Every structure is written in C-alpha cells, then in structure tokens.
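Subject: Structure handover

Hi,

Here is the structure I promised to pass on. Please load it before you read the rest.

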Amino acid sequence: MLRGNYLTPSVTKAYPFLSMLSKIPLLLMYHNNLYTYRPLVHYHTSNFSKPIIDTWHNSMDTRRHLCTLAVCRTSHIPESSRPTTMKASDKSKRKARRDSPEGVLRHKLDMCSRHGDVVEALSLYGEARSKNVMLSQHHYNALLYLCSSGSNVESNGDRNNVNPSNLGLERGFEIFQQMVNDKVAPNEATFTNVARLAVAKEDPDMAFDLVKQMKSFGIPPKLRSYGPALFGFCKVGNAPKAYEVYAHMAESGVMAEEPELSALLKLSADVNKVDKVYEMLHQLRASVRQVMESTFGIIQDWFNSEKAAKVGLVNWDVSKVRDGIVRGGGGWHGQGWLGSGKWRVERTQMDENGVCCSCSEKLICIDIDPRETENFTSSLSNLACQREVKGDFNKFQEWLDQHGPFDAVIDGANVSLVNQRDFNFYQLNNVVKKLQSESPSKRLPLVILHKNRVTGGPARNPNNMKLLEFWKNSGALYATPPGSNDDWYWLYAAVSSKCLLVTNDEMRDHLFQLLGTSFFPRWKEKHQVRLSFSREGLKLHMPPPYSIVIQESESGSWHVPAITGDDGEAPRQWLCATRNRD
C-alpha cells in the first residue's frame with residue numbers, strides 16, 4: 001500500500017537498500033539539480049583513452065571568479081561582434097561539456113551500452129567513484145540498463161572467467177542504492193531497469209511493486225515497465241499475479257501488445273484457465289489481428305490439447321450468438337466456446353473469395369464505421385500539420401477540396417521505383433492507365449510526387465514533361481513542397497477521399513506508428529493496393545474481399561491469420577480450428 005511519497009513497507013523490509021529511497025522526499029528528489037548537474041568549467045580530458053580525472057577539488061570561489069571574468073570580458077565586446085562571440089562561446093561550452101569527466105564518462109558508458117559491455121561499464125563506474133566524479137541520471141540509467149540486460153560481451157584476457165550476467169546482477173542493486181544515496185531522481189527507465197534486475201533475481205513481486213511506486217513519483221509507467229513483472233509471473237506459472245499485472249496495465253491506460261498477450265495466452269492454457277484463453281484470443285483479435293509464428297504455434301497447441309476438447313457448449317442460444325455478432329460488427333460473437341469434442345486443426349489458406357480451403361467456411365468482411373473514418377481523417381490532419389509546414393499542408397487540403405475526391409491515390413515515388421534502379425515514369429504511367437481503365441468513373445487517379453521529382457532528373461525528359469503537364473492540367477498531379485514528407489500527403493488524400501491507395505510501402509515506420517494500432521491497420525487492409533510485375537506484365541493486388549483478422553464464426557470455428565505472405569504473391573497461412581457440426 002502506498003503511503004504518501006514513499007515506498008511500501010513490504011518492499012523496503014524485503015529489500016533494505018530500497019529503504020533509502022523511502023527517506024528521500026519527492027521535492028528533494030526532483031529539486032536536486034545542484035547534485036546532478038555541475039557548473040560548466042573547462043577540462044582537458046578529451047581523449048577517449050584517458051582516465052577520468054578528479055576535478056571536484058576546484059573551489060566554488062574559483063568557479064565564481066572564472067564566471068566573473070567571463071562576464072567582464074563579454075561586456076567589453078562591441079555590439080557588432082557579439083553574435084559571433086556568442087556562437088563561439090556556445091561551441092566552447094559544448095566542448096567543455098564533452099571533455100569534462102562527466103562528459104567523457106557518459107560517452108564511454110554509451111559505447112558500453114551499444115556493445116553490451118557490462119564489464120567495462122562497471123570498471124568505468126569504479127574509476128568514477130574513486131575519482132569522486134558526480135554521476136547524473138543518465139550515467140546511472142546506462143549502468144542499470146547494462147546490469148539488467150545481462151548482455152554477453154566479447155571477452156578477452158582476464159574477462160574470460162567473468163560471467164557478465166551474474167556480475168551485473170551482483171552490482172546492479174548496489175549501483176541503484178548509490179543513486180539513491182546521491183539523491184539523483186529516478187525516471188521511468190530507472191524503475192524499469194531495477195524491475196528487470198528483480199526478475200533476474202527471480203522476484204517478480206518486487207518488479208511489480210516498483211511499477212506501482214512509479215505513480216507516487218509522478219512517473220507514468222510504460223508497456224516496458226510492466227514487462228519484467230508480467231513475464232516473470234508467466235514464467236513461474238503464477239496466473240493470479242500475472243492477471244493482476246494485466247489489470248493494472250489497463251487501469252494505467254497501457255495497452256498490451258502481442259508478446260504480452262501471447263505470454264498470458266500460454267500461461268492460461270498451461271493452468272487450464274479456459275475462460276482466460278478465450279479472453280486472450282479475443283484480445284489478440286482486437287489489438288493484433290494477425291499473429292507471429294510463435295503465437296501461431298501457441299494457439300495451435302491449445303486447440304490440439306485435451307483441455308480444449310473438453311470445453312464448450314453443446315446446446316447454445318443461436319439468437320444470442322447472432323446478436324453478439326451484430327453488436328461486435330461481424331467476425332466474432334464473444335459468447336464463449338461453442339461445440340464439443342476434439343478440434344480438427346489444420347494450417348491452410350483462403351481462396352481469392354475468402355473461402356477456407358480446409359473447412360470451406362467463408363470469412364466475412366468486417367465493415368468500418370464511417371464515424372471512425374471521419375475521426376481518423378481529423379487526427380491524421382492534426383498530426384500532419386504538427387510535423388509539416390502547416391501552411392503547406394492547409395494549401396494541399398484546399399487543393400483536394402477543389403479537385404477531389406478521387407477513386408485512387410498513387411504513391412508516385414514508390415510505384416516508380418518498384419523493381420527499378422532509377423525513377424521510371426513509364427512504369428508509373430502504366431499504373432495510372434490501368435487504374436483509370438478499371439475505375440467505375442474512368443477518372444485519372446491522383447499522383448502524389450515530391451517537387452524535385454517533377455522538376456529534375458528523369459522529369460526533364462521531353463516525353464515525361466508532356467506526361468506531367470497532362471496530369472497537372474487534368475487535376476491528377478500534386479507536387480509536395482521542398483522539405484516535406486510526401487507520405488503525409490498521399491495518405492491523407494486516400495483517407496479523406498475514402499478511396500484506394502496504391503503503394504508497396506508496408507507503412508510500418510515511425511510515422512505510421514503514430515497513427516496507432518486500432519483503426520489504421522483495418523483501414524490499410526481495406527484500401528491498400530499492391531503491385532507486382534512479371535512476364536505477364538503489371539498486376540494490381542486489390543484489397544481482399546474479407547478481413548484478415550482472427551475470426552470466430554457463428555458455428556464456433558476459429559480462423560487465425562499469420563503475419564506471412566504480405567507481399568501479394570506468397571499465400572498467407574491460416575490456422576483453421578473446427579469441430580464436428582452434428
């Protein structure tokens with residue numbers, strides 16, 4: 001139980017070093033800049049290989065004198081020279097920061113983190129302590145990360161007999177206690193790394209207690225903060241505590257992803273919590289949709305088990321199941337396991353119409369609520385305006401209002417470079433003509449290209465210039481301004497026009513992660529058109545007429561898609577689990 005701003009008695013009693021943290025009021029923890037940030041002075045330790053020297057013996061009077069000198073000198077500089085002098089001063093300050101013992105230590109620890117060298121990091125820590133170098137939050141977090149990660153190092157010399165994992169565990173708690181003694185405020189990374197240490201010591205309870213303490217420090221936990229406790233409880237088979245962690249995540253607004261849900265699914269199957277197995281399958285359906293091979297195997301093992309064969313309703317309320325499907329939007333009913341007896345489990349594929357090649361059941365296409373599309377369009381516009389020049393993007397929106405909506409939008413750069421070394425306007429034009437011929441309105445699709453793609457390089461070819469001029473006059477070309485990210489433009493155009501988007505871009509980088517994992521994957525599944533080229537020519541891979549998501553049928557069967565065959569050529573693998581329907 002929390003008591004004000006302090007650690008719980010159970011934690012401090014079990015782990016005495018943590019009692020130190022309970023004695024430090026939050027205000028002191030968060031207003032200790034004098035302890036963690038040193039005044040800037042010039043040092044001479046610039047070489048990476050040089051030892052960290054002790055400079056803490058400099059008196060405050062000397063520093064004050066140096067500061068006074070700097071001010072006096074600055075005051076005599078002519079007005080016209082001040083900007084240049086200020087730039088030089090900033091540069092010298094940055095150099096002083098890098099060359100200070102703290103800066104050298106930070107750089108070396110960052111290199112250790114990059115290479116997973118916990119032995120070297122601990123050696124640097126010992127040297128810094130002996131030289132009275134004041135460590136900051138970053139220093140301590142780097143050390144705790146290495147101690148908790150248990151990374152292997154490339155051992156040489158005397159290090160061959162050192163187990164980095166054990167060494168890190170032995171020293172990690174000691175380093176955290178020193179961080180507390182130095183009154184250095186912890187952050188989310190600090191708590192997460194110490195939680196990892198606790199689980200490495202086979203104590204997931206302590207890891208969970210640390211996550212609970214984060215709120216008392218005003219630190220919102222992240223998904224990674226819960227990982228050590230959740231996976232730790234799953235590993236030892238403690239289902240009640242694992243479910244408690246999962247519930248705490250929900251209360252904190254932290255959404256579990258596939259690794260967490262997969263671990264809970266396996267745990268639930270192992271301890272025969274059949275209702276929880278059902279719940280986790282639906283959580284995977286709602287938030288993950290398509291699963292990795294590891295999760296695919298866990299689900300397959302469940303349906304093949306004797307436990308799965310013994311659970312399920314023999315006589316169920318058909319109308320209740322159908323009502324559940326309607327309320328859920330299709331593809332699931334959520335009424336529990338249906339049927340009885342052993343499951344027939346096969347890895348299979350779907351035909352082009354969404355009919356299972358194993359059980360002949362047809363998958364459905366789950367509709368998207370129009371209100372969700374409108375909300376997504378609005379949020380996409382806000383994000384784009386935050387990351388692009390607002391005036392430029394607003395100008396594009398006005399242009400769309402005048403020339404749109406379109407039947408299709410083409411990511412011009414992506415389409416022109418598929419299987420090509422150089423930008424190919426001929427290939428892009430073939431895609432434009434094919435889309436136009438297959439469009440119900442026979443209208444040209446919108447081509448989005450960056451400004452430099454329509455003014456330089458291959459665009460200077462006379463034939464290409466004529467083509468670009470034709471698209472521009474037809475209102476089918478938009479050139480995004482210099483410095484912009486054209487991804488925002490073609491995505492917004494497709495979403496706002498509620499039309500097809502032609503691109504082979506998997507849309508998995510940071511920009512698209514900002515859009516979330518709820519609506520965007522569903523929208524992409526229904527609107528993205530991929531393309532391929534073969535001896536037969538250009539082929540457009542239209543969105544499937546069914547939803548690629550875990551589906552629970554009205555008869556109680558299950559179909560689970562794997563994350564494979566996403567290139568439009570290789571068939572996607574599905575898990576089909578059905579029972580005798582008599």
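Below is what turned up in it.

Overall picture. This is a predicted model. The protein chain has 582 residues, and 48% of them count as buried. Its secondary structure comes to 27 helices and 10 strands. Among contacts with a separation of 6 or more, 70% link residues 24 or more positions apart.

Four strands form an open sheet in the order 1-10-9-8, paired antiparallel. Its edges are strand 1 (344-348) and strand 8 (551-552), each of which pairs on one side only. Strand 9 (residues 558-561) and strand 10 (residues 574-578) run antiparallel and are joined by 4 bridges. In one of them, Pro-561 has Trp-574 of strand 10 as its bridge partner. Helix 17 (residues 293-304) packs on the sheet and touches strand 1, strand 9 and strand 10. The direction of helix 17 makes about 155° with that of strand 1.

The cores. In soluble globular proteins, nonpolar side chains tend to be buried together. Here the largest nonpolar core has 82 residues. Trp-302, Phe-303, Trp-337 and Trp-558 have the most contacts inside it. Helix 8 (residues 118-130) gives the most to this core, with 7 residues. Leaving aside residues up to four places away in sequence, Trp-558 touches several residues, including Tyr-278, Phe-303, Trp-337 and Leu-575. A second, separate core of 32 residues includes Phe-406, Leu-501, Met-507 and Phe-520.

The aromatics. There are 22 aromatic pairs in the structure. One of them, Phe-191 with Phe-217, is tilted, at 5.5 Å centre to centre and 55° between the planes. It links distant parts of the chain, 26 residues apart: Phe-191 lies in helix 11 (residues 188-200), Phe-217 in the loop between helix 12 (204-216) and helix 13 (223-236). Phe-191 is buried, because its relative accessible area of 3% is under the 20% cut-off. Phe-217 also counts as buried, at 4%.

Tyr-278 and Trp-337 pair edge-to-face, at 5.1 Å and 70°. Tyr-278 sits in helix 16 (residues 274-287), and Trp-337 in the loop between helix 19 (318-328) and strand 1, 59 residues apart. Tyr-278 counts as buried at 9% relative accessibility, and Trp-337 does at 6%.

Finally, one aromatic cluster is formed by Phe-393, Phe-396, Trp-399, Phe-406, Tyr-478, Tyr-489 and Tyr-492. Phe-406 is also among the residues of the second core.

Best wishes

Terms used: Residues are numbered from 1 along each chain as its sequence is written. This is a predicted model: local features need pLDDT of at least 70, side-chain atom pairs count only at pLDDT 80 or more; totals for chains, interfaces and linings use all residues. Side-chain values use heavy atoms; hydrogens and water are left out. Helices (H or I, at least four residues) and strands (E, at least two) are DSSP runs, numbered from the N terminus. Buried means under 20% relative accessible area, exposed over 50%, partly exposed in between (1.4 Å probe, protein chains only). Contact means heavy atoms within 4.5 Å. Two strands pair if DSSP finds at least two bridges between them. Axes are lines fitted to C-alpha atoms, for helices over the stretch in contact, and angles run from 0 to 180 degrees between N-to-C directions. A nonpolar core is a set of buried Ala, Val, Leu, Ile, Met, Phe, Trp, Tyr and Cys residues joined through side-chain atoms within 4.5 Å. Rings of Phe, Tyr and Trp (its six-membered ring) pair if their centres lie within 6.5 Å; planes under 30 degrees apart count as stacked, over 60 as edge-to-face and the rest as tilted.
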